Amino acid sequence: MPEIKELVKDLADKHGRNRESLLPILQGIVTEERFISDVAMTEVARELDMSAALVYGTATFYSFLDTKPRGKFVIRVCKTITCDMKGKKQIVKTLEELLKIKVGETTKDKNFTLLETNCLGWCHKGPAMLINDEVFTELDEDKVTEIIDDYMRNI
Amino acid sequence: MPNTKLKRVDIIFSEDCVYKDVLADNLKKSNEDILKDILDSGLRGRGGAGFPTGLKWKFTSQETEEEKYVVCNADEGEPGTFKDREILTRVPLKVFGGMAICAKVIGAKHGYVYLRGEYQFLKADLEKALEEFHSFVKELGFDFQIHILMGSGAYICGEESALFESMEGKRGEPRNKPPYPTISGFRNKPTVINNVETLVYAFMICRIGAGKFHELGTTDSRGSKVFSISGDTPIAGIYELELGMSLEDFVEEFGDGDTKAVQVGGASGFCVPRKKFKDTIIGFEGVPTGGSMMLFNSSRSMYNVLKNYVEFFEEESCGQCTPCRVGCQQLKKGIEAIKKGEKSAHYLDTLQKLADTMKVSSKCGLGQSVANSFSSIVDNFREEMIY
């Protein structure tokens with residue numbers, strides 16, 4: 001996969017080739033590819049001259065560094081107690097119906113992945129979710145439907 | 001126990017402060033004078049643990065290493081906490097100013113803001129503010145650079161030594177202590193690591209003087225604190241309040257009239273039931289908090305609350321030490337089994353013992369603090385765990 005090679009090289013040029021550059025490089029791969037494949041991990045190891053096990057160990061530790069294929073848009077719904085109390089379950093149900101997938105799955109067209117995550121820091125405006133890096137708060141069924149419609153139109 | 005009345009304070013977000021003047025004035029002061037101010041103010045860390053900030057700065061300043069660092073812990077992940085996001089959104093220059101004053105005192109040339117991945121959207125604005133900050137310190141002839149590093153969704157990285165590991169590109173697994181960060185922190189160099197809010201208070205103490213800060217609060221908990229208030233309250237949000245108020249006053253102001261319990265300090269904090277509101281003081285002499293205050297009214301099942309917390313810890317445990325890794329899993333399995341009737345109610349006592357064991361044998365604050373919420377919820381709402 002020449003593109004991955006290219007991407008890893010560019011990221012290493014930008015962030016450096018030592019251990020401290022590892023996290024920014026992995027984050028850069030996720031931004032571009034939405035997940036870090038085995039090939040990408042081996043490539044990072046080669047570029048930074050370290051063992052692939054070290055790269056794997058770091059990559060699998062962090063919940064935002066996905067090592068499984070993800071959709072173009074990763075939806076993370078906050079599942080912490082205050083969002084839960086404000087109706088998070090209904091939001092997840094609505095999303096599941098809209099996207100026709102369950103939590104943890106990716107749509108067939110590889111556009112959306114639905115996940116749950118721990119506290120997003122919007123407890124006073126729950127329920128909250130992230131779509132990639134964008135935050136949406138005070139969600140209800142209508143709002144979620146509108147947001148997903150918007151994303152679907154702009155794919 | 002002496003306590004204060006509930007009082008709103010305006011220090012952190014106060015607009016009566018030109019950050020440039022404060023910074024310029026303080027960079028001219030002697031290190032001893034600044035240290036004395038921070039020590040005299042009685043400021044303690046606002047991330048939750050409450051270590052005296054002045055001492056942290058003093059210990060690091062006494063180290064003879066050439067290279068030292070100041071790190072701003074913006075990995076706010078405690079359930080129910082969102083004050084650091086607000087502070088970084090509204091007054092980022094005060095945060096950077098606090099870091100610069102600290103850097104001067106300890107002799108650091110580089111500072112780092114470790115920002116949680118969930119707050120990626122803040123980064124662009126922070127970088128813009130940072131540009132302004134850098135050009136101003138350059139004008140002052142002060143050699144200090146701040147860098148922003150991103151986290152990637154790991155609660156444990158808010159633990160200081162795990163945060164250093166993460167900054168160094170490793171798994172965010174806490175280190176053994178001692179040595180403490182003041183001796184061996186980022187890159188094993190002497191490091192001051194402070195919470196976002198602590199840095200702003202340090203900066204504001206340099207502006208308003210130690211005395212003004214010291215006269216707020218109680219003997220053990222000087223000053224004020226930014227609270228993140230959520231749950232069953234009609235007025236959820238961010239409030240800066242004087243420390244040392246009773247939980248009763250707090251609930252009177254923020255409750256919805258039907259408050260059954262307040263979780264003080266997030267999932268790693270304590271659950272206080274209604275009957276103890278009167279005798280509970282919010283502060284280091286009573287129940288400390290990093291800012292998280294979650295209110296629950298009588299419609300809420302405390303079993304669901306506890307289950308949510310235990311699941312949180314089970315996921316966020318780094319897995320390095322056995323008491324925390326296995327303990328969290330067993331606590332979760334245990335309460336589920338009791339609820340289903342597969343285990344007798346007495347099994348709760350066994351689980352309590354497990355939580356106590358985790359408290360003394362876990363390596364870091366995460367595993368040690370699971371028992372706080374577990375025991376305080378099980379003790380006070382035992383029947384809700386069983387039926």
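**Entry 1: a helix pair in chain A**

I started with helix 3 and helix 4 of chain A, which lie oblique to each other (angles under 35 degrees count as roughly parallel, over 145 as roughly antiparallel, 65 to 115 as roughly perpendicular, and the rest as oblique). This is a predicted model, in which local features need pLDDT of at least 70 and side-chain atom pairs count only at pLDDT 80 or more, while totals for chains, interfaces and linings use all residues. For my own bookkeeping, residues are numbered from 1 along each chain as its sequence is written, chains are lettered from A and ligands numbered from 1 in the order in which they are written, and side-chain values use heavy atoms, with hydrogens and water left out.

The axes of helix 3 (residues 38–48) and helix 4 (residues 52–61) of chain A come within 8 Å and cross at roughly 125 degrees; axes are lines fitted to C-alpha atoms, for helices over the stretch in contact, and angles run from 0 to 180 degrees between N-to-C directions. Both elements are DSSP runs numbered from the N terminus, helices being H or I of at least four residues and strands E of at least two. From helix 3 of chain A, the contact (heavy atoms within 4.5 Å) takes in A:Met41, A:Val44 and A:Ala45, and from helix 4 of chain A it takes in A:Ala52, A:Val55, A:Tyr56 and A:Ala59. By class I find 7 nonpolar, no polar and no charged residues there, where Ala, Val, Leu, Ile, Met, Phe, Trp, Tyr, Cys and Pro count as nonpolar, Asp, Glu, Lys and Arg as charged, and the others, Gly among them, as polar.

**Entry 2: the sheet of chain A**

I then listed the elements of chain A, which has 7 helices and 4 strands, running α-α-α-α-β-α-α-β-β-β-α from the N terminus on. Its open sheet has the strand order 2-1-3-4 with mixed pairing, two strands being paired if DSSP finds at least two bridges between them. Strand 2 (112–117) and strand 4 of chain A stand at the edges with a single partner strand each, so one side of each is left without a neighbour in the sheet. Strand 3 (residues 129–131) of chain A runs antiparallel to strand 4 of chain A, joined to it by 3 bridges, and I noted A:Val135 as the bridge partner of A:Leu130. Helix 7 of chain A lies across strand 1 (73–78), strand 2, strand 3 and strand 4 of chain A, at about 5 degrees to strand 3.

**Entry 3: an aromatic pair**

My search of the whole structure gave 19 aromatic pairs over all chains; rings of Phe, Tyr and Trp (its six-membered ring) pair if their centres lie within 6.5 Å, and planes under 30 degrees apart count as stacked, over 60 as edge-to-face and the rest as tilted. A:Phe136 and A:Tyr151 are edge-to-face, at 6.3 Å centre to centre and 75 degrees between the planes. A:Phe136 lies in strand 4 (residues 134–136) and A:Tyr151 in helix 7 (residues 141–153) of chain A, so the pair ties together parts 15 residues apart in sequence.

**Entry 4: chain B**

Strand 1 (residues 69–74) of chain B pairs with strand 4 of chain B over 5 bridges, and B:Val71 stands opposite B:Ile193 in strand 4. Finally, I checked helix 2 (residues 31–41) and helix 8 (residues 196–208) of chain B, which pack at about 105 degrees with their axes 10 Å apart and are therefore roughly perpendicular to each other. Their contact has 5 nonpolar, 1 polar and 1 charged residues.
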